[in-house]
Amino acid sequence: MMTTAYKSKDLATMYFIVATVLFGAQLLMGLIGAVQFLYPEFLFEIFDFSVARTVHINALVVWMLYAMIGSVYFLLPDETGIETVGIELGKLGFYVLTVAITVVVLVYVFIQIGPAAESTIWLINEGREYLEAPRWADIGIVVVVLIFVYNVYATAIKGERTGIVTVLMADLLALAGLYLAGMFFVDNISVDQFWWWWVIHLWVEATWEVFVGGLAAYGLIKMLGASRQVVEMWLWVEVAMLFGSGILGLGHHYFWIGTPEYWWEIGALFSALEPLPLVAMFVHVIYDWGKQAGKNGSNTINNRPAFAWFVMNAFGNFLGAGIWGFFHTLPQVNIYTHGTQFTNAHGHLAFFGAYATILIGMFYLNLQSKNGIERMRSTFNSKMAISLISFGVMGMTIALTVAGYGQVLVERAQMGATWDAFFISQQAQWFVQGMGWRLAMGIVTIVGFVYLAIDLLSISKVNHEKV
Amino acid sequence: MSNKIVSVWTDNNFWKRSAAWITGFSAILLIWLTFDTLGQITQGTDTDMQKDAKGLYFSKRIPSATVINYKIGYEYSDKRGHEVPTINGKEKFFGRDDYSEEEAAALLHLGKLGSQAKNCMNCHTLLGNGAYYAPDLTKAWLDPKWKLMMAITQKKTREEAMAEFLQHPSKYPTHSRRMPNLDITAAEAKGLVAFLKHMSAIDTNGFPRNFGKKDITLRERSAK
């Protein structure tokens with residue numbers, strides 16, 4: 001039974017469209033940065049690396065937040081059985097947020113930096129990685145997110161409150177509240193980075209992961225017809241494991257920023273446990289897939305492109321966040337790898353594997369529902385998109401890991417992390433070749449994105465089984 | 001939904017309660033540790049600094065801004081098992097070594113604001129966090145490179161060379177990857193140098209390791 005009449009799902013579509021555009025912008029900015037690593041005169045003093053990088057990571061965070069909000073508006077009517085409460089307010093929030101983000105990006109691109117004054121922090125750029133958005137925009141984001149959280153709570157209270165909705169309610173409140181920890185200025189850089197990590201870490205290594213657990217649970221029920229009781233039981237196990245390891249795993253960011261030594265032990269222990277729930281999530285998806293396969297003949301999966309991205313998520317989350325994170329999470333290793341291309345390699349595969357994949361899966365679920373398609377098949381474009389994007393990101397990750405090895409051994413282990421040590425490592429053959437391959441694999445990723453965009457625009461016109 | 005409970009291990013309520021307890025317990029532990037850590041990373045005072053100056057080590061993890069009046073080192077400590085910042089008597093900073101707590105704090109404030117307003121963190125890392133396009137700035141004040149840069153910028157002191165470089169970075173390329181001009185004024189540059197000097201005195205548990213212990217530039221070496 002497809003439910004296309006909900007306004008909540010139309011609002012989801014609006015969020016998904018902006019998310020896809022921002023995803024494209026993210027890749028374009030990444031391309032500029034990757035070129036500058038090899039040809040540093042490219043756009044020098046016009047559109048410097050710092051500008052490209054700011055937009056690259058902000059577009060990343062914002063497209064994912066858009067896709068997450070869209071996902072909630074999409075699944076809420078299915079889970080609660082009713083139309084979302086406050087949908088008009090939600091629409092207003094969408095327009096306010098989109099206008100605000102457009103202004104923020106234009107300021108990043110054309111004004112870039114300001115004088116060393118509070119006014120720059122308020123109007124141009126806060127200059128803190130990932131949280132660059134100026135303070136006025138922070139306040140706007142909080143207001144819009146409050147509307148969103150209100151809508152979710154009001155709907156859940158009025159309609160049916162499933163396990164998935166209960167998890168999302170708790171998770172979204174924490175996610176929104178944590179943003180406040182990144183909204184003040186201090187002179188003490190250790191205090192600054194202490195709270196900064198509250199936002200970044202407790203988002204991407206705790207609340208976002210739980211959110212993904214909720215989406216995976218919803219998707220398995222929706223696409224495979226998996227048993228809600230089994231899926232929700234797994235979800236609660238995952239929440240326990242994710243928060244149990246992720247909250248204190250925050251300690252692995254407190255090794256070297258001026259904070260006390262006891263974070264070595266706490267951070268090492270709990271962050272080393274962080275991969276476990278990711279293994280559990282992976283096993284769970286594969287288990288449900290196997291359990292349901294063949295139940296309704298060969299047509300168990302009713303949305304093949306979405307399911308492929310969900311499986312990619314289970315795999316990529318484990319590999320990118322779990323394995324690549326574990327590689328350098330122990331302080332004995334991290335004292336050398338902290339802040340090198342190693343971190344960069346992990347960042348690329350983790351954000352892609354843990355978040356991009358499942359959110360793209362949600363785009364396909366939305367297209368299926370919007371067009372009343374009972375069984376959505378993969379097209380040639382769907383397959384090219386998932387293959388090229390995954391291969392591209394994996395390729396970038398391996399290239400950056402190789403470059404990272406070169407950098408760590410030369411700059412950190414051998415030469416002691418100075419200005420000269422840094423640049424000598426950047427000229428090392430392993431490093432330069434790694435950066436070359438990263439650029440090539442980045443281009444593969446972009447080609448994959450073009451296939452994805454074409455597919456999202458055209459897949460619903462292909463001959464699927466209609467309701 | 002089936003309500004048949006085979007065992008506690010397949011009981012959703014058991015797992016729901018477990019998740020709530022584990023999350024609550026972790027959160028409370030984190031909040032408790034946060035209070036302890038914030039106490040330990042509160043900036044020290046000038047009084048602490050004057051006491052510390054009689055010995056070698058800082059008593060505070062994050063010293064007072066008046067650290068700019070002193071000579072800072074980074075030495076291996078047998079007790080700690082890694083390098084720690086050291087205090088080695090007075091040192092002039094832009095010609096003075098008597099900055100009051102207010103004056104020094106004002107410079108640090110300007111420098112910290114500047115570090116954000118100029119978006120340093122999206123090329124450099126600070127305390128190891130940021131982007132990976134340019135060198136880590138944690139101990140930049142102590143970088144042996146400034147000796148060479150003093151000659152290149154024709155300045156007599158390290159702080160003047162740093163301030164000159166920050167104001168006209170693309171004029172002094174040291175690598176094909178140059179730092180762009182960021183419209184940094186003389187006053188802002190002074191603040192930024194104070195900020196960098198203060199950061200080099202933060203106790204980072206030995207990060208980065210062996211900093212500047214190999215005072216090499218390969219070019220200089222191979223020239224010998």
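How many Å separate the centres of domain 1 of chain B and domain 2 of chain B, taken over C-alpha atoms? The separation is 36 Å. To see it, colour residues 14–40 of chain B as domain 1 and 46–215 as domain 2; such bounds come from an automatic or database domain assignment.

Before going on, note that this is a predicted model, in which local features need pLDDT of at least 70, side-chain atom pairs count only at pLDDT 80 or more, and totals for chains, interfaces and linings use all residues. Residues are numbered from 1 along each chain as its sequence is written, while chains are lettered from A and ligands numbered from 1 in the order in which they are written.

**Stop 1**

Select residues 70–77 and 82–90 of chain B. These are β1(B) and β2(B), an antiparallel pair with seven bridges. Strands pair if DSSP finds at least two bridges between them. Helices (H or I, at least four residues) and strands (E, at least two) are DSSP runs, numbered from the N terminus.

**Stop 2: the interface**

Now show both chains. Here 66 residues of chain A are in contact with 77 residues of chain B; contact requires C-beta atoms, placed from the backbone, within 7 Å. On the chain A side, α8(A) gives the largest share, twelve residues. That side has 32 nonpolar, 21 polar and 13 charged residues. Ala, Val, Leu, Ile, Met, Phe, Trp, Tyr, Cys and Pro count as nonpolar, Asp, Glu, Lys and Arg as charged, and the others, Gly among them, as polar.

**Stop 3: A:A417**

Select A:A417, in the loop between α14 and α15 of chain A. A:A417 is buried, as 28 other C-beta atoms lie within 10 Å. The cut-offs are 20 or more such atoms for buried, 12 or fewer for exposed, and partly exposed in between, with C-beta atoms placed from the backbone. Beyond its neighbours within four places in sequence, A:A417 contacts A:E411, A:R412, B:D136, B:P208 and B:F211.

**Stop 4: α7(A)**

Finish on the 36 residues of α7(A), which span 49 Å from first C-alpha to last, close to the expected 52 Å. The expected span is 1.5 Å times one less than the number of residues. Centre on A:W203 for a kink of about 50 degrees, the angle between axes fitted to the seven residues ending there and the seven starting there. In α7(A), 32 of 36 residues are buried. Just after this helix, A:G225 takes a positive phi of about 70 degrees.

Technical notes:
Contact = placed C-beta atoms within 7 Å.
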